[in-house]
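Welcome, and please have the sequence and the 3D view open side by side.

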There are 2 protein chains.
Amino acid sequence: VLTDPRGVDPLRAGLADYLGRVRGVVADPARVMVTCGYSQGLGLVCHALHAAGARRIAVEHPSNPEYREIASRAGLEVVSIAVDECGIRIDELERADVDAVAVTPAHQDPTGVVLTSERRAALVSWLRARKAIAIEDDYDAEYRYDRAAVGALQGLEPDRVVYAGSASKILAPALRLGWLVLPPSLVDAVCDEKVLADRATASIEQHALADFLTRGELDRHLRRMRIVYRARRDAIVEALAKELPEARVRGIAAGLHVNVELPASDDERAIRDESYRRGIQFSTALGEYAPYADDALPTLMLGYARMPEPAIRIGVHELASAILATREGVSR
Amino acid sequence: VLTDPRGVDPLRAGLADYLGRVRGVVADPARVMVTCGYSQGLGLVCHALHAAGARRIAVEHPSNPEYREIASRAGLEVVSIAVDECGIRIDELERADVDAVAVTPAHQDPTGVVLTSERRAALVSWLRARKAIAIEDDYDAEYRYDRAAVGALQGLEPDRVVYAGSASKILAPALRLGWLVLPPSLVDAVCDEKVLADRATASIEQHALADFLTRGELDRHLRRMRIVYRARRDAIVEALAKELPEARVRGIAAGLHVNVELPASDDERAIRDESYRRGIQFSTALGEYAPYADDALPTLMLGYARMPEPAIRIGVHELASAILATREGVSR
């Protein structure tokens, strides 16, 4: 009796049900694979695509450089496609001569925009015409605060979209659990890759998560946390308006961080270093996404997953004085 | 605060202590990496070696074809080196023009021989002269029944041997926990590969295993299980002598399966199929290791990890009649 590389049955069944109900994913358990997180899932799919003859993959510009590296290690040539305020540019994608594309439609990583319905339709048309595959990282879909999140792209074209989700942001990064919903044509090939990568994901947490899902606890957890995180986000946005009126919050009300754009005259790295000295840690657009965001304004990515509201107000105040210090060329 | 790709501190400390004490491994926690099992660890090391300029890796012949595939996916050319009754042939290795070698010194997989002390010394000399790296899969070292297992090769040359162990056979395959002890020169490169593979191994079981190790429970578990498994192995060997006197048990008294060699006139595949129809499942040398064991006699690999002794006697009796049926060309 060999271990199923796709993961344990109860979790695959629970995920198929949950993703169908909450994200509009067309999922049947046979097409669900449990992974050790999004990075692994992306690597498995890229290897399987490469083995099936794919040679070029498009990624969003800007996007996480680690994911580019993962695709490139799988033998794929990585092509950058610009993201504007409506999401990835489909006209550029059409000209890119690629076999696949990796996208973050629910909340673009890192710009925070949403792929518009027109672009989603155009992307699906392109997938069909080109017979290409999209890898949909359903990033931050569970944490949309101003309205219900748009459904998954996968629901529009399940035979050409790999859906990818993860427990890292909705439950705990320490779990290292992610999941893929695969087009039927890719199931066997991705299973082969999973066997070579690590045979199968550890099963104890899989059973625990299956139980959590089927008892409705994940829904309850997300309802609770949306209220908590939304209040934190509102607190940051409010504190920024007061302390740093020249800063501009970019992207929709979603996720676990806000992108804060500063005037071009600010020095992103100096601000990060000065803030770090004062005990405030955050990522920055150039720091994390270089060299794929050279033309971006200085942008701070302020996370609030572990910040209670009072700490947020104090933190933004301290951040503002750190920024002032860099502008005055002094450090405290 | 980023997750350490090497794993959680208490487990790395616990493993360094345990492996030093029980296997003679030269380990300090900074060089220990927790993985999702041996397959993943092998892949990470092969990728890191390839990134550092390695081009060819030697593997034992026969050896697990999946491991060859993993090395090959990492870009390494795989070269077969014969195994005889003393282990891998170092004279062949010296002529092979390779940068690395993967070995199973404690209990060769699948032949069951042990690397002799002369061969171990010759392997270490070759590693130094060639400035090569060995990957030591410390397969079955914890389950040696006739005497204390020979110490790890890594203890002889810690700067040129990657030690690899796993919880799959000593505790539970469902855990998906393995570990590497790396030469200092490879730590950073293997960390980079781990980040790209899955960032880090899930941490909850790591803390559980650390607790199990530091309380001495693993030592107690292994002492108990060695007695149980040894009795099962003795029961199989005894039943085979009675039921199938023409069969020959190969390899040392170790591990969780016995290799049973049959006369050349027997049909390995037919025996496997007929046994399967009777509810007896096992791997076979040609079935699992083809095409790297074409010259081997028909060999059944009878596992007893989940077989209580009474079931073993009944199973061997049924196996013997399945073999008789294939010889007579009838199936029951």
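Predicted model: local features only at pLDDT ≥ 70, side-chain atom pairs only at ≥ 80, totals over all residues.

Which way do the residues of E6(B) point? Ile133(B), Ile135(B) and Asp137(B) point one way, while Ala134(B) and Glu136(B) point the other way, and all are buried.

E6(B) has a pairing partner in strand E5 of chain B, residues 100-103: the two run parallel and are joined by four bridges. To find this pairing in the viewer, look for Val101(B), whose bridge partner in E6(B) is Ala134(B). Ala134(B) is also one of the buried residues described above.

As a reminder, strands of a sheet pair through backbone hydrogen bonds, either parallel or antiparallel. In chain A, four strands in the order E9-E10-E12-E11 make an open sheet with antiparallel pairing. Its edges are E9(A), residues 248-250, and E11(A), residues 283-284, each of which pairs on one side only. Inside this sheet, E10(A) (residues 257-261) and E12(A) (residues 299-303) are antiparallel and share five bridges. One residue pair to look for is His257(A) with its bridge partner Gly303(A) in E12(A).

Chain B also has an open sheet of four strands, in the order E9-E10-E12-E11 and with antiparallel pairing. The edge strands here are E9(B) (248-250) and E11(B) (283-284), each pairing on one side only. E9(B) and E10(B), the latter covering residues 257-261, run antiparallel and are joined by three bridges. Within that pair, Val249(B) has Val260(B) as its bridge partner in E10(B).

Here are the strand pairs discussed so far:

| Strand pair | Sense | Bridges |
|---|---|---|
| E5(B) and E6(B) | parallel | four bridges |
| E10(A) and E12(A) | antiparallel | five bridges |
| E9(B) and E10(B) | antiparallel | three bridges |

**Chain A as a whole**

Stepping back, chain A has twelve helices and twelve strands. Its C-alpha atoms fill a box of roughly 65 × 45 × 35 Å along the principal axes. The radius of gyration of chain A is 20 Å, which agrees with the value near 20 Å for a compact globule of 332 residues. Of these 332 residues, 55% are buried.

How do contacts in chain A span the sequence? Among those between residues at least 6 apart, 72% join residues at least 24 apart.

Chain A carries 42 positive and 49 negative charges, and their mean positions are 3 Å apart.

Conventions. Residues numbered from 1 in each chain as written. Chains lettered and ligands numbered in written order. Heavy atoms only, no water. Rg over C-alpha atoms; globule rule 2.2 N^0.38 Å. Buried < 20%, exposed > 50% of the residue type's maximum accessible area, 1.4 Å probe, protein only. Contact = heavy atoms within 4.5 Å. Lys, Arg positive; Asp, Glu negative; His and termini not counted. Charge placed at Lys NZ, Arg CZ, Asp CG, Glu CD. Pairing = 2+ DSSP bridges.
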